[in-house]
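Hello,

Here is the structure I promised to pass on. Please have a look, then read my notes below.

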Amino acid sequence: MTANVSTSKPRKTTAAKPAKTSTPTPPPMFAFKAGSGPVAKVQAGGPVPAKGCDVAVVAAFKGGELSAAGKRADIDTDGLLSNACKTDKTLGNAGTCRVLFNPGKGVAAYVVVGLDDKEKLTPKALRKASSAAAEAVKSLKAGKVFFSLNQELPADSNDEEAAALCARTLVESFYSFSACRKQDDEPAVLPSFELACTKSTQNAVEKGANSGWAIACGMHLTKDLGNLPGNICTPNYLAETAKAMAKQYKLGVEVLDHKKMESLGMFSLLSVGKASSEPPKLIVLKYNGAKNPKDAPVVLVGKGITFDTGGISLKPGANMDEMKYDMCGAASVLGTMKAVAELKLPINLIVVVPSAENMPAGNASKPGDIVVSMSGQTIEILNTDAEGRLILCDALTYVERFKPAAVVDVATLTGACIVALGHVNSGLYSNKDELADELLQAGKKALDTAWRMPLDEEYHEQLKSNFADMANIGGPPAGSVTAACFLQKYTKAYDWAHLDIAGTAWHSGKAKGASGRPVPLLAEFVLNRAKG
Ligand code: BES
Ligand code: MN
Ligand code: ZN
């Protein structure tokens, strides 16, 4: 490459600095174990699960009809449930969740959840009911819970899927983030849940409970990493988390440092992190579960900007704290890896996280700077706040070496995606229709939906630069699309999809916190691939 372009390499004086000022481990008061999530597993109960249960969760339907599980002699030991449903018909109304204390000898308390019309039950309603039941169970501080809502199957669902959805929702409901508090108030403890089943459904319910539990565990990790502040969750912290996961699950791990990335020519990625005292990292985690170890791997790439100030194109101050969530793509691919490793799925999965902190400083990239990417294509950085694509493009070139079956990148990439799709759907882009459909279906099944967006050739026009092979921004129209088009220029060697999760990765306002999305979508996608 020409001499002026190679000035994108960090100057010598700054190159040595980062390693010294980095924080290898968080300060002790913030000691946090990655994945220190739920402990108890959700299990399928045997034929008589109610014995010893503190709380039983049962459904009621339109007109106060009690569910089959509620009518069981070993559950409704004192006739309390059937009597209550006879006298109070509203117990079956959708959205109701009532606690009945049992003065008798059996179950200590019942949580009765209204599901309205049995025939019209949807997965969303089942999730809502499970989550309401979990809140009730939490307030009761139950130790052992018999849970039967998973036996109420929505149309198009089966025992395994219903159990997975319920188990995931139950475990998810017990998430809380207390890593940065002086823990005087105790977080709610996940009770042991037994999901109702019969002899003939036990296998399916057990399988579903297991996968729902594992997905929730993955989501917990994703939420924890997202919620941690930028001064703790640095690129190095993500790398340490990956190393800890590698140890726990016997995964392959490699962390590429500044020097290694420089030798690979990743000057686009390096340009983003160069003004930060936290050195950038490229993290690679490998899970080899396929029967044939040589099977082409699924590769997930997650944007890991641990804080996005915008750089010299500085962001406005309001709500800038939320840019600690700019590594939620990274957190979600690590969370998916956790779920897959927990489930020991027969598949090969590689997770790659390009990670950096986007800061302004004297040595920061300036608007107009030109860098060479690992692919050799040059980029004119017209806006230093469009940094996600700058770190992703080098990671996307790097993963070519794995000869992937498919690559999905996940990124809190554009505010424009929030304008287009709000906080409901993630934006999905793909160069392959079959892969796009697979991901859309996985999202629907997992209640973690995405909406496909276009990649027409015409949009690429907006990325033309007068001075380099491309610009890093495409102007105001279709901002989420042009960001995806930028990535498309680096993904010609394989089947690729991109999820823009800017609107779905976290909640703002009073309930501020990471959502754990799109772990359910990704886990469902990988689960289906593992089934073959
Ligand atoms: N991380 C942001 C995108 C973002 C903004 C996600 C707000 C969620 C909420 C990304 O790095 C960014 O700053 N994108 C710019 C791109 C623009 C400069 C072309 C944006 O969306 O404004
Ligand atoms: Mn930005
Ligand atoms: Zn960003």
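Start with aspartate 308: this residue is buried, at a relative accessible area of 3%. Bear in mind that the model is predicted. Aspartate 308 pairs with lysine 315 in a salt bridge, with the closest N and O atoms 3.9 Å apart. Lysine 315 is partly exposed, at 21%.

A search of the whole structure gives 20 salt bridges. Two of them involve helix H14.

- Lysine 445 meets glutamate 161, at 3.3 Å from N to O. Lysine 445 sits in helix H14 (residues 433–445) and glutamate 161 in helix H6 (residues 159–173), so the pair ties together parts 284 residues apart in sequence. Lysine 445 is partly exposed, at 43% relative accessible area. Glutamate 161 is also partly exposed, at 28%.
- Glutamate 438 bonds with arginine 529 in a salt bridge, the closest N and O atoms being 2.7 Å apart. Glutamate 438 is in helix H14 and arginine 529 in helix H17 (residues 519–531), so this pair links parts 91 residues apart in sequence.

There is also a network of salt bridges, joining Arg168, Glu172 and Lys223.

Now helix H8. This helix covers residues 235–249 and has 15 residues. From first C-alpha to last, H8 reaches 21 Å, close to the 21 Å expected. Its buried residues include Pro235, Tyr237, Leu238, Met245 and Tyr249. The buried residues of H8 pack against several elements, among them helix H7 (202–227), strand E9 (281–288) and helix H11 (328–343). Just after H8, lysine 250 takes a positive phi of about 55 degrees.

Best wishes

Conventions:
Residues numbered from 1 in each chain as written. Chains lettered and ligands numbered in written order. Predicted model: local features only at pLDDT ≥ 70, side-chain atom pairs only at ≥ 80, totals over all residues. Heavy atoms only, no water. Helix = DSSP H or I, 4+ residues; strand = E, 2+ residues; numbered from the N terminus. Expected span 1.5 Å × (residues − 1). Buried < 20%, exposed > 50% of the residue type's maximum accessible area, 1.4 Å probe, protein only. Contact = heavy atoms within 4.5 Å. Salt bridge = Lys/Arg side-chain N within 4 Å of Asp/Glu carboxyl O.
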